[in-house]
Amino acid sequence: MNKIQASNPFFEIYSTPHGTVPFNLIKTEHYAPAIHEGIRRQNGEIDAIINNPDAPTFENTIVPYEKSGELLHRVNTVFGNLLSAETDDELQELAREIMPLMSEHENNISLNEKLFARIKTVYELADKAKLTPEQSKLLEDIYTGFVRNGANLQGDAKEQYRNLCKELSLLTLQFSENTLKETNDYRLVLTEKSQLSGLPESAIDAAAETAQEKGVEGWVFTLHAPSYSPFMTYADNRDLRRELYMAYNTKCTHDNACNNLEIVKKIANIHMEIARLLGYDNFAEYNLKERMAQNSDTVYKLLNQLLEAYTSTAQKEYDEVQALARSEEGADFILMPWDWSYYSQKLKDRKFSINDEMLRPYFELSKVKEGVFGLASKLYGITFKKNADIPVYHKDVEAYEVFDKDGTYLAVLYTDFHPRAGKRSGAWMTSYKGQWIDEASGENSRPHVSIVMNFTKPTQNTPALLTFNEVETFLHEFGHSLHEIFADSTYESLSGTNVYWDFVELPSQFMENFATQKEFLHTFARHYQTGELISDELVQRIVDSSNFNVAYACLRQVSFGLLDMAWYTRNAPFEGDVKAYEKQAWKKAQILPVVEETCMSTQFSHIFAGGYSAGYYSYKWAEVLDADAFSLFKQRGIFNPEVAGSFRKNILSKGGTEHPMTLYKRFRGQEPTIDALLIRNGIKK
């Protein structure tokens, strides 16, 4: 063991800047020994708590439990993050071995009767008046977490819970592997130039380079967003648009090893079984107990409010796009889902004389990055300095040191922008190290944060030029990173984004608001060739078009929320047709014609493998909050340092130390309503 540990970087104190992960030294064979040793060490730490002869107290039970498992957490964080950002067959094979092991270990802790007895004693007997609010919250969270993870189960129920958790961990892993493989395996190969009609040069150049990478003639389009989206928006060939659309929207439904239809059923049913085992009617009621919404009735109330507010406008939006399509294609033309982006863009261009290709030259990635970092500097006074000495896990990744306005070190930020075979689709923020304060020394241990995206890649002819939506996505994930960067909690489990799930999207969605603000765009948006600043007229067109088809977009998000709730409000096992169930679940929010073969559930990683089970509504929940919050900035100035300081202090720094509504009202001075969102979207005056 000593020999193994001597050659394994996980067993050493990292000698890198700020103790960052030495990615350059880590190999796949290092994970398993470090995880096994991490489990052994945490078991010893738990035994020390249990065997303490002194009466249980906050200091001798809760604090050491909070600090236990440091090695295991450190290794698993790297392993789990790279499974999403830079995976391969070897890593995925190891995950199939590690996931059940970790599930078993976690259950061994949460179902440990002696440990729970000590925690329960502290919870019931602690003099709350002598605890700080943060200590009280930590105690509450740990006690509640044990209860919610089966600590009160008896006899056979405990074993049943163990087995369900183990099976769920393997199923979610398989779900993710299948969606990644189906996405990576598909390619639309075009060999005739006429098939590229309508596509912008940027999309054609990227497709040519993809073909070159894959060793085929012609042009290759994939299901990755930077390839898929331009094709669906600009390609004149309707048959090819349909082909690509069907490939994307039938992922993991085919008769092959990547089929997720049965896995969807099993995941939904296991969630339901776990919830009922713990005394809840369904998984939504279990999950929402620790959310701002608290129950499914509140979630449905929000979703139905949005349905009522947006449906008639969404129908008018569809009719307008349909009318344009019929003016070009004939009176009998039926606008199908593979036509929506294409004709919507035509209508948008006619109304506002604006499209992604017109804006791309002003959104060169390095300049956008300067603009986004500069926005944080304007709002909060922080600065970013690239540090090439910090190891990274892929050549595309860059590492930055973040400094506060007084020059003190705040965090490390990794940026990872472009798609590749080992990276799952979408965009996300994650951490390689959380923030906490050492109570003995007072040292504030700062976080290491990563934002991961799948943006348009540079070509031989042009640098990476982003779409406006990609700029918004950058701002969104950067908002999540600020939530971590500014974290200032004593305990890591209450730090940063460790907040109620339906509060976590507030900082991210709040940041998106700046994308349509002239004062922000004028700080960085210059033509990559001429250096010309984006004009006031073009910015106004961005603003004028910002609510184009907004009702349709809202209903699309609502439909995902309805689908999520349909899967997780079930209190009986599901054995039916997944596709049919899905179409019934979100029927009220559908505007476009239904295509029977398609299925969202089989690739809906958010709710089946990403932690958003019975939680997808939180995007709309947070949108109400972010519209209300940004309205204060609009009133007092979008760079107002006083308002920004209050947002940092109350929203970004506090983590889960208090109830989120308490924090929000302290910042805003009132509870939010849906009105600010409706006004922003032009639905209400």
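Helix α4 meets helix α5 in this predicted model through Leu72, Asn76, Phe79, Leu82 and Leu83, which face Leu91, Gln92, Leu94, Ala95, Ile98, Met99, Met102 and His105 of α5 (contact: heavy atoms within 4.5 Å). The residues of this contact comprise ten nonpolar, three polar and no charged (nonpolar: Ala, Val, Leu, Ile, Met, Phe, Trp, Tyr, Cys and Pro; charged: Asp, Glu, Lys and Arg; polar: the others, Gly among them). The axes of α4 (residues 70-85) and α5 (residues 89-110) come within 11 Å and cross at roughly 140°, so α4 is oblique to α5 (under 35 degrees is roughly parallel, over 145 roughly antiparallel, 65 to 115 roughly perpendicular and the rest oblique). Angles run from 0 to 180 degrees between N-to-C directions, with axes fitted to C-alpha atoms, for helices over the stretch in contact.

The second largest pocket has a volume of about 520 Å³, taken as the space filled by probe spheres set on the grid points. A pocket is an open set of points on a 1 Å grid where a 1.4 Å probe fits, with protein on both sides within 12 Å along at least five of seven lines; lining residues have an atom within 4 Å of a point. Of its 24 lining residues, Thr210, Glu213, Thr222, Pro419 and Lys457 lie nearest the centre. Helix α9 gives the most to this lining, with eight residues. The lining divides into ten nonpolar, eight polar and six charged residues.

Residues are numbered from 1 along each chain as its sequence is written. Local features need pLDDT of at least 70, side-chain atom pairs count only at pLDDT 80 or more, totals for chains, interfaces and linings use all residues, and side-chain values use heavy atoms, without hydrogens and water.

Notes
Helix = DSSP H or I, 4+ residues; strand = E, 2+ residues; numbered from the N terminus.
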